[in-house]
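Hi everyone, thanks for making the time. Today I'd like to walk you through the salt bridges in one structure, so let's get the picture up on the screen.

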Amino acid sequence: FEENFDIVNDKYLKRLQERFPWISDSEKRLCVYIRMGLLNKEMAPLMNITVRGVEMIRYRMRKKMELPPEIDLELFLKDLGV
C-alpha cells in the first residue's frame, strides 16, 4: 500500500518520514487518510479503532509535531505533500 501510495502521491510518505522520523505506522496511516479527505468516522473502521481513538491519535500527533492550535492539521498535511 505504502509503495503504491508514494508512487501516486509523489513520495508523500517518504517526505513525511523524513520530516517526522518518530512517526508510527498508525500515525502514517492516519496522515494518508487525512490526505485522502476522509472524516474521523470514516477512518475509524479502516483502522479498526473507535472514532475517539482516531481523535486521540490526531491529538497526540499534533502535540508531537508541535503544531499551534491555529494551524489546521488537514491543511498542514496536504501542504506537506506539495
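Let's start with a pair of side chains. E74 and R58 form a salt bridge, with their closest N and O atoms 2.3 Å apart. This pair links distant parts of the chain, since E74 sits in helix α6 (residues 73–80) and R58 in helix α5, 16 residues apart. By salt bridge I mean a side-chain nitrogen of Lys or Arg within 4 Å of a carboxyl oxygen of Asp or Glu.

A quick word on what you're looking at. This is a predicted model, where local features need pLDDT of at least 70 and side-chain atom pairs count only at pLDDT 80 or more, while totals for chains, interfaces and linings use all residues. Residues are numbered from 1 along each chain as its sequence is written, and side-chain values use heavy atoms, with hydrogens and water left out.

Back to our pair: are its two members buried or exposed, or something in between? R58 is buried, at 13% relative accessible area, and E74 is partly exposed, at 26%. Here buried means under 20% relative accessible area, exposed means over 50%, and partly exposed is in between, using a 1.4 Å probe and protein chains only.

How many salt bridges does a search of the whole structure find? The answer is four, and I'll show you two others.

Staying in helix α5 (residues 51–65), E55 and R52 are three residues apart, which puts about one helical turn between them. They form a salt bridge with the closest N and O atoms 3.5 Å apart. R52 is exposed, with a relative accessible area of 53%, and E55 is partly exposed at 32%.

Now over to helix α3 (residues 25–35), where D25 and K28 are also three residues apart and separated by about one helical turn. Their salt bridge has its closest N and O atoms 3.9 Å apart. D25 is exposed at 55% relative accessible area, whereas K28 is buried at 12%.

Finally, let's step back to the whole chain. There are six helices and zero strands; these are DSSP runs, H or I of at least four residues for helices and E of at least two for strands, numbered from the N terminus. Of the 82 residues, 38% are buried. And among contacts (heavy atoms within 4.5 Å) between residues at least 6 apart in sequence, 43% join residues at least 24 apart.

That's my tour, and I'm happy to take questions.
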